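Hello,

Here is the structure I said I would pass on. My notes on what was found in it follow below.

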Amino acid sequence: MGGSLRNRAFGVLAYLALVAAFSGGVWWVGYTAALDQLERRGRADLALAADRLTSQLQRYREVAVLLADHPDLQVGGDPRRARALLRETADRTGSLDVIVLDGAGRERMAAADAVPQAHAGTPYFERAMDGALGVYHLVSDRFGGRYTRRAFIFAAPMFSPQGPVQGAVVVVADVDAVESAWRGDRPTMFFTDDAGVVFVSNRSELIFRARAGDPVSAAQSPEYPTGSVTAFVAYTPRYVGGHEIWRVDGGPYVPARALHLTLELPVIEMTGEVLLDVAPARQLAFLQASVAAALCLAFGALLFLATERRRTLAGANARLEERVAKRTAELIAVNTDLRREVQERTAAEARLQKAQADLVQAGKLSALGQMSAGISHELNQPLMAIRSFAENASGFLERGKPDVAAQNLSRISDLARRMGRIIRNLRAFSRHESEPLSDVDICAVVDTVLEMSAARAHQAEVALHWDAPAAPVLVRGGEVRLQQVLLNLIGNAIDAMEGCTPKQVTISLVAQGDRVELGVRDTGPGLSEPEKIFDPFYTTKQIGAAEGMGLGLSISYGLVQSFGGSIKGRNHVDGGAVFTVELDAARKAQAA
């Protein structure tokens with residue numbers, strides 16, 4: 001068990017290490033891809049900024065070239081008109097100054113009221129005297145104000161009518177005016193000269209900082225006043241995927257981690273540089289690595305859970321197989337016992353069914369026994385009448401009255417048919433009925449039972465009331481079994497009214513939809529315990545009486561249940577008991 005836990009722990013740690021390595025790889029790929037995209041965008045921004053700077057300075061260069069050919073500025077021209085031209089040009093172009101130099105580098109005239117300076121030996125003047133356009137940058141306090149001014153100088157040569165260069169026109173551009181349009185924009189940009197000093201930038205804190213070389217040496221160059229150049233902000237360069245990344249400590253407006261790009265600008269003798277913040281690229285790479293790690297961890301967790309579940313299921317399966325084998329042996333033994341018990345129960349059920357059939361038959365015979373006296377009376381009366389009619393018919397024949405004798409013989413025939421019908425009903429009632437359910441005319445059943453009960457009711461002085469419907473009413477059941485149920489209910493009603501007045505049994509029949517209700521009501525004392533009347537061996541008759549077994553209603557209940565119907569007993573509000581038998585209407589009746 002301990003070894004298994006150690007193996008699982010080692011596997012989890014190994015998987016975590018792989019996830020960490022994979023996430024690191026995703027971070028590196030995402031970071032370098034983001035840097036590639038950032039470099040493309042940065043180079044486009046740097047080129048755009050360089051074009052904007054050079055285009056803004058280009059107009060000063062063109063002004064110098066145009067003024068160099070102006071006739072008012074040539075040697076021998078009107079000084080006042082020339083001075084007015086220079087001032088008007090400076091005002092319109094926003095130049096710091098426009099100066100006209102002679103061939104020795106002396107100032108002939110200028111737009112600004114400043115102390116004249118010697119320009120001989122300066123790079124821009126020497127280049128103009130060579131017949132080319134001179135470009136130079138410097139920091140000067142020539143133009144007044146409390147602080148020194150940064151300026152770009154463009155010197156265009158002035159040619160004499162004979163051809164040689166006789167002087168130059170110098171246009172001084174204000175760098176602050178050029179810078180003001182994009183100061184504070186992103187990203188951080190700056191332009192350095194050959195000495196590595198930042199001369200133009202959209203971040204004022206970077207101006208006059210020497211990025212390359214010795215700041216002291218850079219400060220000794222003639223372009224910058226003493227003490228104006230300081231060291232560049234602290235930075236540490238390193239390369240990531242071929243990209244130069246700086247860690248910079250340059251204040252809140254300079255990114256702490258930046259992609260460094262450069263672009264040469266030979267037109268203005270500067271180098272454009274840009275610092276692009278790599279924080280978004282790092283965040284994107286970190287997000288990609290986090291998503292990859294989350295997916296790997298989720299997959300690993302699912303794999304671990306599946307493995308643990310499989311291991312658990314394997315152990316549970318082994319234990320289950322062992323238990324199944326053991327339980328199978330037990331079930332085989334139990335199955336053997338159950339088969340034996342089933343055989344015993346089947347035999348008991350067969351005996352029970354036989355006993356129930358015998359009990360039903362016994363109930364029938366018991367009912368026949370109760371009706372025996374009335375049946376004897378019913379048969380004895382016709383027999384005596386037949387004997388009397390026969391003797392009378394013989395006498396009428398002897399007297400020569402055949403018509404009267406024929407009447408007596410007709411009466412004998414009617415009495416014989418009545419006796420035959422009574423015997424036929426008794427025989428049908430007493431036989432076993434094992435036929436399946438069929439459509440039975442409940443009205444015919446009631447008529448037959450009333451005919452069988454008539455003698456007993458007459459003997460007990462009970463009036464039987466039955467209003468038969470005009471049309472047959474068909475129900476689902478067995479004819480003989482329905483006769484037994486109704487005969488039992490009428491017999492119980494006759495017995496219950498002993499000593500009561502009046503004595504009446506009313507039979508009603510109501511069809512409601514797919515159900516038919518047959519009611520038997522008496523005028524006796526009612527039911528003392530209605531909830532027990534269908535219990536076996538429950539009776540209200542005297543103990544020891546031959547007819548007091550207490551099985552009649554129980555048998556009737558079972559017979560009605562076998563038809564899919566129900567039987568209920570209750571006390572009527574006007575006195576006496578009411579038994580209701582509900583049966584399913586026959587399909588024929590429903591179709592009709």
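Helix α8 passes helix α9 in a right-handed crossing; a crossing is right-handed if the near helix is turned clockwise from the far one by less than a right angle, and left-handed if anticlockwise. Helices here are DSSP runs of H or I with at least four residues, strands are runs of E with at least two, and both are numbered from the N terminus. The model is predicted, so local features need pLDDT of at least 70 and side-chain atom pairs count only at pLDDT 80 or more, while totals for chains, interfaces and linings use all residues. Residues are numbered from 1 along each chain as its sequence is written, and side-chain values use heavy atoms, with hydrogens and water left out.

Helix pairs

The axes of α8 (residues 442-459) and α9 (residues 479-496) come within 9 Å and cross at roughly 40°. That angle makes α8 oblique to α9. Axes are lines fitted to C-alpha atoms, for helices over the stretch in contact, and angles run from 0 to 180 degrees between N-to-C directions. Angles under 35 degrees count as roughly parallel, over 145 as roughly antiparallel, 65 to 115 as roughly perpendicular, and the rest as oblique.

On the α8 side, the residues that make the contact include Ile-442, Val-445, Val-449, Met-452 and Arg-456. Those of α9 include Glu-479, Leu-482, Leu-486, Ile-490 and Ile-494. Contact means heavy atoms within 4.5 Å. The residues of this contact divide into 12 nonpolar, 4 polar and 3 charged. The classes are Ala, Val, Leu, Ile, Met, Phe, Trp, Tyr, Cys and Pro as nonpolar, Asp, Glu, Lys and Arg as charged, and the others, Gly among them, as polar.

α9 also meets helix α10 (residues 552-562): their axes come within 10 Å and cross at roughly 145°. This crossing is left-handed. Arg-481, Gln-484, Val-485, Asn-488, Leu-489 and Asn-492 of α9 touch Gly-552, Leu-553, Ile-555, Ser-556, Leu-559, Val-560 and Ser-562 of α10. By class, the contact of α9 with α10 has 6 nonpolar, 6 polar and 1 charged residues.

Backbone geometry

Most residues other than glycine have a negative phi, and most peptide bonds are trans. The following are exceptions to check in your own viewer.

- Arg-186 and Pro-187 are joined by a cis peptide bond with omega about 0°. Pro-187 sits in the loop between α4 (175-179) and β6 (188-192).
- The bond from Thr-501 to Pro-502 is cis as well, with omega near -10°. Pro-502 is in the loop between α9 and β17 (504-512).
- Phe-208 is not a glycine but has a positive phi of about 65°. It belongs to the loop between β7 (198-201) and β8 (209-210) and is buried at 16% relative accessibility.
- Glu-269 has a positive phi near 55°. It is found in the loop between β12 (257-265) and β13 (270-277), and counts as partly exposed at 38% relative accessibility.

Buried means under 20% relative accessible area, exposed over 50%, and partly exposed in between (1.4 Å probe, protein chains only).

Individual residues

Leu-259 lies in strand β12 and is buried, at 0% relative accessibility. Its C-alpha atom is 6.5 Å from that of Asp-277, 18 residues apart along the chain. Leaving aside neighbours within four places in sequence, Leu-259 is in contact with residues including Leu-35, Leu-38, His-243, Ile-245, Val-274 and Leu-276.

Val-178, in helix α4, is buried with a relative accessible area of 6%. Beyond four places in sequence, Val-178 contacts Leu-53, Gln-56, Leu-57 and Tyr-60. Val-178 and Arg-52 are 126 residues apart in sequence and 9.5 Å apart in space, C-alpha to C-alpha.

Pro-164 is in the loop between β4 (149-159) and β5 (165-174). It is exposed, with a relative accessible area of 52%.

Overall figures

The protein has 11 helices and 20 strands. Of its 592 residues, 39% count as buried. Among contacts with a separation of 6 or more, residues 24 or more positions apart account for 60%. The protein exposes about 33,300 Å², of which carbon and sulfur atoms supply 56%; accessible areas come from the Shrake-Rupley method with a 1.4 Å probe, and for residues only the protein chains shown count as cover.

Regards
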